[in-house]
Amino acid sequence: MKKVVSLLVLVLVSAALVACGDDDGTTTTETGGGETTNGAATNGGGAGGGGGSSTVSFEADPAGGLAYTTDEASAKAGDVTIDFKNPQPVAHDVVIEDASGSEVGGTDVITESSTSANVKGLKAGEYTFYCSVPGHREAGMEGTLTAE
Ligand SMILES: [Cu+2]
């Protein structure tokens, strides 16, 4: 049994050594690859950025009204970060719902602070953003968010 174990250890150590050798080889290859693709890096980065994320900022009326500072916003389809600033002592949030009225994301309800929330994979289309605190949406805290 001990011999078998020793053999296994030897095999494992050999494998590890080979693996290390491979790692070194890979690192060298990557460095070389980086140099090779330097010229094309801009193109590649641009393509990758196409599927990236965007940020939409909302703010509750600094004057204290039941309103956001805008009733129209736009975002890139994809992963969207919702930044929300509420300077009021009155609680507000931002909730996004799609055309069928289903909620797709939203922030926490906050007072006199800022927060943000992520909406993954927002599809192109028209959405409604609104404040979910009772009465606020009815009072005018809503608007249209267009994703494209
Ligand atoms: Cu509100």
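The legends below describe close-up views of a predicted model. Local features require pLDDT of at least 70 and side-chain atom pairs count only at pLDDT 80 or more, whereas totals for chains, interfaces and linings use all residues. Residues are numbered from 1 along each chain as its sequence is written, and side-chain values use heavy atoms, with hydrogens and water left out.

View 1. The copper ion has H92 (ND1), C131 (SG) and H136 (ND1) as protein donors, at 1.9 to 2.1 Å. Donors are N, O and S atoms within 2.8 Å of the metal (3.2 Å for Na, K and Ca); water is not among the atoms, so sites may look incomplete. Along the chain, the donors have the spacing H-x38-C-x4-H. C131 counts as buried because its relative accessibility is 2%, and H136 is likewise buried, at 9%. Buried means under 20% relative accessible area, exposed over 50% and partly exposed in between (1.4 Å probe, protein chains only).

**View 2. The open sheet of five strands.** The strand order is β2-β8-β7-β4-β5, with mixed pairing. β2 (72-75) and β5 (103-106) are the edge strands; each has a single partner strand, so one side of each lacks a neighbour in the sheet. From one strand to the next, the twist averages 25°; axes are lines fitted to C-alpha atoms, for helices over the stretch in contact, and angles run from 0 to 180 degrees between N-to-C directions. Strands (E, at least two residues) are DSSP runs, numbered from the N terminus, and two of them pair if DSSP finds at least two bridges between them.

**View 3. Strand β8 and its two partners.** β8 (residues 142-147) runs parallel to β2, joined by four bridges, with E72 bridged to T144. Six bridges link β8 to β7 (residues 125-130) in the antiparallel sense, and G125 stands opposite A147. The covered face of β8 carries G143, L145 and A147, while E142, T144 and T146 lie on the uncovered face.

**View 4. F58 in the largest nonpolar core.** This core contains 21 residues, of which F58, V94, F129 and L145 touch the most other members. A nonpolar core is a set of buried Ala, Val, Leu, Ile, Met, Phe, Trp, Tyr and Cys residues joined through side-chain atoms within 4.5 Å. β3 gives the most to this core, with three residues. Leaving aside residues up to four places away in sequence, F58 touches A73, I82, D83, F84, K85, V94 and F129, where contact means heavy atoms within 4.5 Å.
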